[in-house]
Amino acid sequence: MTDMAEGVRRNLPPLTLHVPEPKFRPGDAVDYADFDRGAAGAVSRPAIDASPDVMRDHAYSLVRVLDDDGKAVGPWDPRLEPERLVAMLRHMALTRAYDDRLYRAQRQGKTSFYMKCTGEEATSIAAAYALDRDDMCFPSYRQQGILLARGWSLVDMMCQVYSNRGDRLKGRQMPIMYSAREAGFFSISGNLATQYPQAVGFAMASAAKGDTRIAAAWCGEGSTAEGDFHSACTFASVYRAPVILNVINNQWAISSFSGFAGAENTTFAARAIGYGMAGLRVDGNDALAVYAATEWAAERARANAGPTLIEFFTYRAEGHSTSDDPTKYRSAEENVKWPLGDPIARLKEHVIAIGAWDEERHAAMDKAVIDEVRTAQKEAEAMGILADGLLQHPFATMFEDVFEEMPWHLKEQSQQMHDERKKAGI
Amino acid sequence: MNMIQAINSALDVMMARDPDIVVMGEDVGFFGGVFKATEHLQARYGKTRVFDTPITELGIIGVSVGMCAYGLRPVPEIQFADYIYPALDQLVSEAARLRYRSAGEFTAPMTIRSPFGGGIFGGQTHSQSPEAMFTHVAGLKTVIPSNPYDAKGLLIAAIEDNDPVVFFEPKRIYNGPFDGHYDRPVTPWAKHPAAVVPEDYYRIPLGKAAVVREGEAVTILCYGTMVHVAVGVVAEMGVDAEIIDLRTLVPLDIAAIEASVRKTGRVVVVHEATKTSGFGAELAALIQERCFYTLEAPIERVTGWDTPYPHSLEWAYFPGPVRLTQALEKILEA
């Protein structure tokens, strides 16, 4: 290789390989002065059947509804009733309380693993509010808010995290890989972005059957680099599938910043343009903007006007998971100075500004959701925690559900396991 | 019927019976498939049930998983088994695990059809036999027919099965049984009894092998094209071999295998796929575990060599009559 570099075309400057580097590393002072949020209310709201051709600017701007005074402004204001806004706020607070509690449970050794969605609560809860209950969601592992917004049982979710006797998934899945068909919440997989083409397939099936249900998928910006993202976008566009493809751009994929998914050169919403899809780029910490964008995309899908790709611009306020320490790769100031703020604080400010809420009620609500979580936790832990080990589920259940009916080789292996353990006295 | 017609008939019968069945894949719609397996289906059942897809195997299988979540029963086609690899993540991590990881909340009742196997000068990427990659995956069933009658009955059973089934169609025998004598004219299916295929619904249960020829001297375990190679060699040699067409690799008909090996004491395993970690290794291990004391000779494996499938050297690669004859001579003398 050295010979080749020296041997040919020496009059040209040497090529250089660009390896992206985030602006701020641990210890760096953070300055977002050059970050252009755009003004709330400034982005137009196209007709729901608008051609993707006329929506190119939407991929590069930021749909925002809540201004710095907590007022809802502009054409994207979904004009929700105050009760609905407060309910949404409560679900966001509940999600944060749930996360805090289970994060601590992991630290206490009650389970093996946990992932918070702190700072991203609006992207799942406001979206779930804008969808119909029977629309099928294909989430990644950071959309627990959908389950909460759909009123799913906290105890049921915790039992999954603890892999205990109450875990409907029988201790087979790592914590947070929920599955709740009744809540329109598709089984979570550890393999990134696989849910993307699956959501498109669900939407295609619904369309092929003449149904009115739609599908929505979520993935992180890091996962957009997977081939599944490309296949899903292609299928969605080709068949005009009634699907909403959400990209939660929280700036970080574990330790690698969004530049490693292509963010230095374009936006994730702009990917839509190449596929001929409607694309929206939305303030992900603005619950009203999230609601309005999802509602727009859902109406578009229901009107047979095709799929929408939505980039929700947000910030992963905490570590990737309980196995991650973000102080090793990014500045702690990023979260504090994040120019789009905190989704709960912003919605709270709004409901106070419209006279539907106050600090007292908010404090009472915070206490109430913590109590709700604590009560659920007691109930869940009464059914065991992971540390209770192998006593949770009958061993033979390990061999069930591999197939609809257990074939001979699994029956034999189940028996073998039973015999081995018996002989070993365990 | 030849094998293509039998497969087409199975799809036709099932689409008429069950409105939730959809057929999709590259070129399967208007054109009817590059091997014509889906001919006339789009005209008969409409474009929302039989349609062409973009060229993305992971997309085809991923979308199929989502269709299953809705409640459909997709029958996606992968044009050549050699091109199934981009879909491995969706097959292995998703379709195969869905029932297990959701404790039965979601299932993937899909049948992935794909032409496979060599003997057609297909070179490296139109000849492979990747069945061992799928038999290794918990949650997948793997089926390989060897004649038109079985192809239709097994495909119907696969489509009705509530687990994901990988259905490999040996394309060398689409038009006629091939005994490995590449220098002789090909016999069309018309002269073979298994070409008599009912027009209507019938099924052959998955997990059941077929005894193609009863015998006492040696057991030959095979599937797909190699069934016909075995039949030809046994007739030429005049050996009293028992030939078992496995038909389903997972779940395997272990009872049929054990019964035969207990009778003969000698086993030759034949497959086109490469040898190392091929399905033959699993068969040999199972027989060793379960029939060790009845074995009178080491188990022989006649397989493709551990190389990519070559183009011009195809007949040196393909495990044909010469190699099977020598393996049988060796095991019968042992």
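Guide: Arg290(B) is partly exposed, at a relative accessible area of 22%; buried means under 20% relative accessible area, exposed over 50%, and partly exposed in between (1.4 Å probe, protein chains only). This is a predicted model, in which local features need pLDDT of at least 70 and side-chain atom pairs count only at pLDDT 80 or more, while totals for chains, interfaces and linings use all residues. Residues are numbered from 1 along each chain as written, chains are lettered from A and ligands numbered from 1 in the order written, and side-chain values use heavy atoms, without hydrogens and water.

Visitor: With which side chain does Arg290(B) meet in a salt bridge?

Guide: Side chains of opposite charge can pair when their charged atoms come close. A salt bridge is a side-chain nitrogen of Lys or Arg within 4 Å of a carboxyl oxygen of Asp or Glu. Here the partner of Arg290(B) is Glu412(A), at 2.4 Å, N to O. The contact crosses between chains, from helix α10 (residues 279-291) of chain B to helix α13 (residues 408-424) of chain A; helices (H or I, at least four residues) and strands (E, at least two) are DSSP runs, numbered from the N terminus. Glu412(A) is partly exposed, at 36%.

Visitor: Are Asp283(A) and Arg64(A) buried or exposed?

Guide: Both are buried, and their side chains form a salt bridge of 3.0 Å, N to O. Asp283(A) lies in strand β6 (residues 278-283) and Arg64(A) in the loop between α1 (2-7) and α2 (82-107) of chain A, so the pair ties together parts 219 residues apart in sequence.
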